[in-house]
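Open the model in your viewer and keep the selection tool ready.

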Amino acid sequence: MLVHLHIKNFALIDEIDIEFGEHLNILTGETGAGKSILVGSISIALGARVSQEMIGNNGEYAMVEAIFQIQQEETVQKLRDMDIDMEDGQLVISRKITANRSINKINGESVPVSMIRKAAALCIDIHGQHEHQSLLSKDKQLEIVDAYGGEKTATLKGEVAALYKEYMTEKKEIEKDYVPEQERARQLGFLQYEKDEIEAAALKPDEMETVELEYRRAMNAGTIVETMAGIYNKTSETALSAVSQAIRQLNEIQELDSSIAGFAEELIQIEGLLGDFNRGLSAFMADFSYDENEMKQLLARLDCIRGLQVKYGDSYEEIMQHLDEVAEKLEKYSDYEEYYKKRKAQLEETKRRLQDKSDMLSDCRRELAGQLEQKITKALSDLNFAHVDFGISIIPCENFSANGQDEAEFQIATNPGEQRQSLGKIVSGGELSRIMLAIKSVFADSDQIETMVFDEIDVGISGRTAQRVSEKMCLLGSCHQILCITHLPQIAAMADEHFIIEKIVEKEKSITGIRKLDRSETEQELARLLGGVEITDAVLASAKEMKEMADARKNYIIER
């Protein structure tokens, strides 16, 4: 759950810290006090897009930090799978917004904003006017049915998605591989020419390098012979003669100084090395030959290799790979009709498996829809839909998709004798928000998300309907942490923790603040919601009575 929210220099908020309770947290305030700013700051913390206009006037950056205490072990494990380490079950998400960028961190480590969105989606769910409107989408309606099916539906959807990908890949490959008969005949001749050319060359793995080296050697034979002869003359005559003479001179004087013998021995070794070098050099020169015909053959071979490289690949491996591809195409084109028939049969088999798995998913969805529509109908009755007739239709589609072969349509009739119609045709904004609340209450027992934020849940409702909504919020709050922004006293009276958002003028500027109310202050705020500008003793007494009745009703709902 969201235990702490820190906001600094965000729009009209200077700096605030909020400690939320673990059940139903109600937030109220005058119109324009900054309730939307608070919800916006929470959304920013959870990865919503940011802009520099959100930075306030008290610094060069804005900061939003949300601290969650994760209680669900399954959620903890999912976060660990994302390589997010938590200490004592705490998840700290912070975003620092500057003029040029945002700095995003989870538990002190910098992360991309996409990871913040993914992690936050496991912990908190925000419902505002946009989310209520999304309920009109058939994709959203199908998503709700699938979510009700849990792991079983998720597994089937994964299998359908995998088969759909396989089917579409095979279909695209067949379409890409299809070659008309005239084009096929033309390509057969061209491919056969390439195959014959490569095979006739009879390349060897290391031949490209060795032929080029041999050709370079032959091209520079004159330079090699001339240089080697010059070296031989220097080492066999000048150098060797000088070393021999030096040895004789050392021998003549070594009796005068015994240490001179060591130099004589070293020169004798040098004389032996020079002798070996000269014999090797002489042998190399004797074997070295230059044949003009051989050079022409090397040049012809080198031209052949370079021609293959230009056409089929720089290396031996690339040329051989091209040969394999050509051979494969020749085999395919030589009996193309049989090849195409096999591919079509394989595609039809994949389509059959996709159809079977999609049918299983459709059957599962129809069963889930029947169960879900009963529960949602009951929840809608609890929310003062007196004559509600709610249904979920699973409609087959002509084409496959990664999501199966279905559409879902939520239909409702709110008056006796009316036919069900699609939600978008008949429901008002207030009814739509109550339908979403009914759906969330059905999912409450199994939903792993610990915190839910409701904004504008009270649009278009009042009186007894508002009371029913407050009771449903209380029920949700018994198993989830709820943050609810409301204008209705019936809902506000159910609060376990009541916060007021207010605009304060300090040093000739307006700032938004938030504070937790005690019992007396809560009754004052309820009186404001009931009575408006002037709060009389009678209004205050009504507010006090409303709070007492709400407490009693809350205890009854939770115990039941």
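At what angle do α10 and helix α11 (residues 316-334) pack, and how far apart are their axes? The angle is about 60 degrees, and the axes are 10 Å apart. Axes are lines fitted to C-alpha atoms, for helices over the stretch in contact, and angles run from 0 to 180 degrees between N-to-C directions. Helices (H or I, at least four residues) and strands (E, at least two) are DSSP runs, numbered from the N terminus.

Before going on, note that this is a predicted model, in which local features need pLDDT of at least 70, side-chain atom pairs count only at pLDDT 80 or more, and totals for chains, interfaces and linings use all residues. Residues are numbered from 1 along each chain as its sequence is written, and side-chain values use heavy atoms, with hydrogens and water left out.

**Stop 1: α10 and α11.** Select L308, Q309 and Y312 in α10; they meet E318, I319 and H322 in α11. Contact means heavy atoms within 4.5 Å. By class, this contact has three nonpolar, two polar and one charged residues. Ala, Val, Leu, Ile, Met, Phe, Trp, Tyr, Cys and Pro count as nonpolar, Asp, Glu, Lys and Arg as charged, and the others, Gly among them, as polar. α10 passes α11 in a left-handed crossing (the near helix is turned anticlockwise from the far one by less than a right angle; clockwise would be right-handed).

**Stop 2: α7 and α10.** The crossing of α7 and α10 is left-handed. Pick out the contact residues, including V211 and Y215 of α7 and L298 and L302 of α10. This contact has ten nonpolar, one polar and five charged residues.

**Stop 3: α5 and α12.** Select 138-177 for α5 and 336-382 for α12. The axes come within 9 Å and cross at roughly 165 degrees, so α5 and α12 are roughly antiparallel. Their contact has 21 nonpolar, six polar and 16 charged residues.

**Stop 4: the cavity.** Select L27, L38, V39, I42, V453, L483, C484 and I485, which line the largest cavity. The lining is eight nonpolar, no polar and no charged residues.

Methods:
1 Å grid on protein atoms, 1.4 Å probe; cavity = no way out; pocket = protein on both sides within 12 Å on 5 of 7 lines; lining within 4 Å. Parallel < 35°, antiparallel > 145°, perpendicular 65-115°, else oblique.
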